[in-house]
Amino acid sequence: MSGNQALNANRVVGQQADLQITKHGSDWYYAVCAMMGVTTLVAMGLAFTRPQTQRLFHYITAGITAVACVTYYAMASNLGQLPILVEWVRPRSRWVHAAGTREVFYARYIDWAITTPLLLLELLITAGVPTPTILITILADVFMIVCGLIGALTQTRYKWGFFAFGMAALFFIAYELLFDARRHANVLGGDPKKTFWACGIWLLLLWFLYPIAWGLSEGGNVIHPDSEFIFYGILDVLSKIVFSAILLWGHRNTTTRDLGRQIREPDQSTEKAHNGAGEPVATSNVSGSTAAGVGNPAVPPVHV
């Protein structure tokens with residue numbers, strides 16, 4: 001036999017739902033898997049063309065698409081899923097028929113729990129947002145993903161309570177990006193501001209489409225899993241691959257110092273000195289850079 005035999009080979013793995021993906025959905029996800037893999041290689045290749053301290057966004061991008069590549073490989077192989085009783089059986093629907101169980105891919109939520117915080121991290125670093133704001137925004141994102149997973153695995157109408165909690169977290173994230181992060185990006189100005197605006201608006205528009213996909217698939221059992229695969233697959237390609245391309249292009253002439261972040265070069269050394277009051281002061285062999293901030297003269301050590 002030739003062609004994609006993943007569904008037949010893995011039919012013996014775990015319980016199977018009445019409503020499953022077909023070979024068409026599997027083929028599409030293998031294609032997305034390949035796109036994510038190629039993007040990972042390209043990002044890593046581009047990273048090695050830049051100084052080691054300027055590879056932050058390339059490494060994060062490669063991590064995002066690498067995780068997505070493995071996840072799509074699992075889902076295309078019909079693995080990482082559970083059969084869940086549907087809340088609404090739709091016998092008159094030509095898409096879902098009278099299926100009692102539908103497969104829900106928990107692998108997708110594991111992916112999102114890793115990759116969506118990294119996407120936000122890239123955006124928030126681009127805007128020059130302080131660390132506490134980064135942490136609370138990422139926490140809200142993880143909270144949103146967990147709510148989505150629990151809701152997808154819930155067989156009763158109570159799943160919509162988890163949907164509401166997740167939407168509240170999404171609106172909080174949108175607020176942080178549109179108001180707080182935007183304010184910091186405007187202070188930075190230049191390429192960081194332009195990159196943040198382009199990537200931030202792009203990502204937010206796409207992320208507000210995910211709840212629609214969830215409501216039509218895991219939530220409301222309206223569309224077939226193949227259609228669910230197409231919907232989620234397109235959104236992931238746009239929010240991971242296209243987003244990353246825009247971000248890396250926007251940062252082509254940006255350094256981490258431009259974003260208010262300083263990553264020490266391998267040949268830099270930090271020495272401890274003391275000021276006149278006996279308090280320790282960090283000095284560096286980089287001209288004009290001290291612990292007190294860029295541009296301040298270093299405090300010479302006091303010898304007793």
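**Terms set against values**

Colleague: Why is Asn-253 called exposed?

Modeller: The relative accessible area of Asn-253 is 56%, and exposed means over 50%, buried under 20% and partly exposed in between (1.4 Å probe, protein chains only); Asn-253 is therefore exposed. Please note that this is a predicted model, in which local features need pLDDT of at least 70 and side-chain atom pairs pLDDT 80 or more, while totals for chains, interfaces and linings use all residues. Residues are numbered from 1 along each chain as its sequence is written, and side-chain values use heavy atoms, without hydrogens or water.

Colleague: Where is Asn-253 placed, and which residues does Asn-253 touch beyond four places in sequence?

Modeller: Asn-253 belongs to the loop between H9 and strand E3 (270–274); helices (H or I, at least four residues) and strands (E, at least two) are DSSP runs numbered from the N terminus. Leaving aside residues up to four places away in sequence, Asn-253 touches Asp-191 and Asp-258, where contact means heavy atoms within 4.5 Å.

Colleague: Is Asn-221 buried or exposed, and how do you know?

Modeller: Asn-221 has 3% relative accessibility and so counts as buried. Asn-221 sits in the loop between helix H8 (210–219) and helix H9 (225–250).

Colleague: What joins the side chains of Asn-221 and Arg-102?

Modeller: They are joined by a polar contact of 2.9 Å. The term requires a pair of N or O atoms within 3.5 Å, within protein one able to donate a hydrogen and the other to accept it, and residues adjacent in sequence count only if both atoms are side-chain atoms.

Colleague: What is noted about phi of Asn-221?

Modeller: Phi of Asn-221 is near 55°, a positive value in a residue other than glycine. Most residues other than glycine have a negative phi. Asn-78 also has a positive phi, near 65°. Asn-78 lies in the loop between helix H3 (56–76) and strand E1 (81–85), and at 2% relative accessibility Asn-78 counts as buried.

Colleague: Why are H4 and H7 called roughly antiparallel?

Modeller: Helix H4 (residues 106–127) and helix H7 (residues 190–207) pack at about 150°, their axes 8 Å apart. Angles over 145 degrees count as roughly antiparallel, under 35 as roughly parallel, 65 to 115 as roughly perpendicular and the rest as oblique; H4 and H7 are therefore roughly antiparallel. Their contact includes Leu-119 and Leu-123 in H4, and Phe-196 and Trp-207 in H7. The residues of this contact divide into nine nonpolar, four polar and no charged.

Colleague: What makes H2 and H9 roughly parallel?

Modeller: Helix H2 (residues 23–47) and H9 pack at about 10°, with axes 9 Å apart, so H2 and H9 are roughly parallel. Among the residues in contact are Trp-28 and Met-35 of H2, and Phe-229 and Ile-234 of H9.

Colleague: Why is Ile-234 called partly exposed?

Modeller: The relative accessible area of Ile-234 is 40%, and Ile-234 is therefore partly exposed.

Definitions and conventions: Axes fitted to C-alpha atoms, helices over the stretch in contact; angles between N-to-C directions. Nonpolar A, V, L, I, M, F, W, Y, C, P; charged D, E, K, R; others polar.
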